[in-house]
Amino acid sequence: MDKRIRIYMTGVGGQGTLTATTLLARAALFAGVDVVAGEVHGMAQRGGVVESVVLLGGWKAPKLDYGEADVILGFEPLETLRGLPYLRAGGAVFSSADALPPVSVSTGKAAYPSMEEIQSKVRAVAGKSWFLHCRELGIAAGSIQSGNSALLGALCASGIMPFDEETLEEAMRRFMPAKLVEVNIKAMRAGAEGVRKA
């Protein structure tokens with residue numbers, strides 16, 4: 001593979017961000033693509049910020065600095081906004097449009113920005129951006145937790161990756177627990193369709 005791709009992934013604890021990271025890395029391996037993945041920052045408690053990276057194309061270590069990510073995969077809109085400094089100018093953003101406000105917002109100590117503000121700031125940096133209602137797509141597929149797979153499907157259907165959603169589907173069948181496979185594939189296909197229709 002000639003193309004090297006750096007993906008920054010962010011969400012909050014309990015969303016399955018690290019599970020999605022592992023699944024994307026395994027799909028890359030299944031496709032024969034060199035991959036390095038790792039957790040940048042993670043909070044064990046539910047609601048803490050979780051950050052990870054997936055680097056494709058022969059990188060030596062899972063390290064990513066500001067302005068280097070080709071893609072941001074944000075499983076929560078505010079975390080997508082917070083992760084924006086990692087994106088290179090003209091990079092791509094795939095984000096959930098479903099807010100999970102942090103404790104500071106829930107207790108009234110901070111305000112959550114509007115989706116319009118978040119999208120505007122993303123579009124000022126990104127060459128392309130997609131915001132999907134992952135929670136709704138997950139629920140429609142049969143499990144709210146499968147919303148992450150919708151975002152992975154959107155990424156793989158975009159043409160940015162060196163493999164498509166069929167490869168991701170095969171990785172899901174091989175590496176996910178059998179009882180979770182079909183619902184996640186359904187969500188993944190819905191996310192892929194969302195990008196194709198955009």
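How many aromatic pairs does the structure hold? The structure holds 3 aromatic pairs, where the rings of Phe, Tyr and Trp (its six-membered ring) pair if their centres lie within 6.5 Å, and planes under 30 degrees apart count as stacked, over 60 as edge-to-face and the rest as tilted. This is a predicted model, in which local features need pLDDT of at least 70 and side-chain atom pairs count only at pLDDT 80 or more, while totals for chains, interfaces and linings use all residues. Residues are numbered from 1 along each chain as its sequence is written, and side-chain values use heavy atoms, with hydrogens and water left out.

**First stop: the aromatic rings**

Select Tyr 8 and Tyr 86. Their rings are stacked, at 4.3 Å centre to centre and with 15° between the planes. The pair links distant parts of the chain, 78 residues apart: Tyr 8 belongs to strand β1 (residues 5-12), and Tyr 86 to the loop between α2 (77-83) and β5 (87-96). Helices (H or I, at least four residues) and strands (E, at least two) are DSSP runs, numbered from the N terminus. Both Tyr 8 and Tyr 86 are buried; the term buried means under 20% relative accessible area, exposed means over 50%, and partly exposed lies in between (1.4 Å probe, protein chains only).

Next, select Phe 94 and Trp 130. The ring centres of Phe 94 and Trp 130 are 4.6 Å apart and their planes are at 15°, so this pair is stacked. Here too distant parts of the chain are linked, with Phe 94 in strand β5 and Trp 130 in strand β6 (residues 128-132), 36 residues apart. Phe 94 and Trp 130 are buried.

Then display Arg 4 with Trp 59. Arg 4 lies over the face of Trp 59, at 3.7 Å from the ring centre; a charge sits over a ring if NZ of Lys or CZ of Arg is within 6 Å of the ring centre and within 35 degrees of the ring normal.

**Second stop: Ser 158**

Which residues does Ser 158 contact, leaving aside its neighbours within four places in sequence? They are Phe 94, Trp 130 and Val 195, contact being heavy atoms within 4.5 Å. Ser 158 is placed in the loop between α6 and α7. Its side chain reaches the backbone oxygen of Leu 155 at 2.6 Å, and a polar atom of the Ser 158 side chain lies 3.2 Å from the backbone nitrogen of Ile 160.

Select residues 178-197, which make up helix α8. This helix has 20 residues and reaches 30 Å from its first C-alpha to its last, close to the 28 Å expected at 1.5 Å a residue; the expected span is 1.5 Å times one less than the number of residues. Buried residues of α8 include Val 181, Ile 185, Met 188 and Val 195. The buried residues of α8 pack against β5, β6, α5 (134-141), α6 (147-157) and α7 (165-175).

The structure holds 0 disulfides, a disulfide being a pair of cysteine sulfur atoms within 2.5 Å. Cys 134 is buried, with a relative accessible area of 5%, and Cys 156 is buried at 3%.

Select Glu 79, in helix α2. Is Glu 79 buried or exposed? Glu 79 is buried, because its relative accessible area is 4%. Its side chain makes a polar contact with the side chain of Arg 82 (2.8 Å); a polar contact is a pair of N or O atoms within 3.5 Å, where within protein one must be able to donate a hydrogen and the other to accept it, and residues adjacent in sequence count only if both atoms are side-chain atoms. Leaving aside neighbours within four places in sequence, Glu 79 is in contact with Thr 10, Gly 11, Val 12 and Val 49.

Finally, move to Arg 88 in strand β5. Arg 88 counts as partly exposed, at 32% relative accessibility. Beyond its neighbours within four places in sequence, Arg 88 is in contact with Gly 67, Glu 68, Ala 69, Asp 70 and Val 125.
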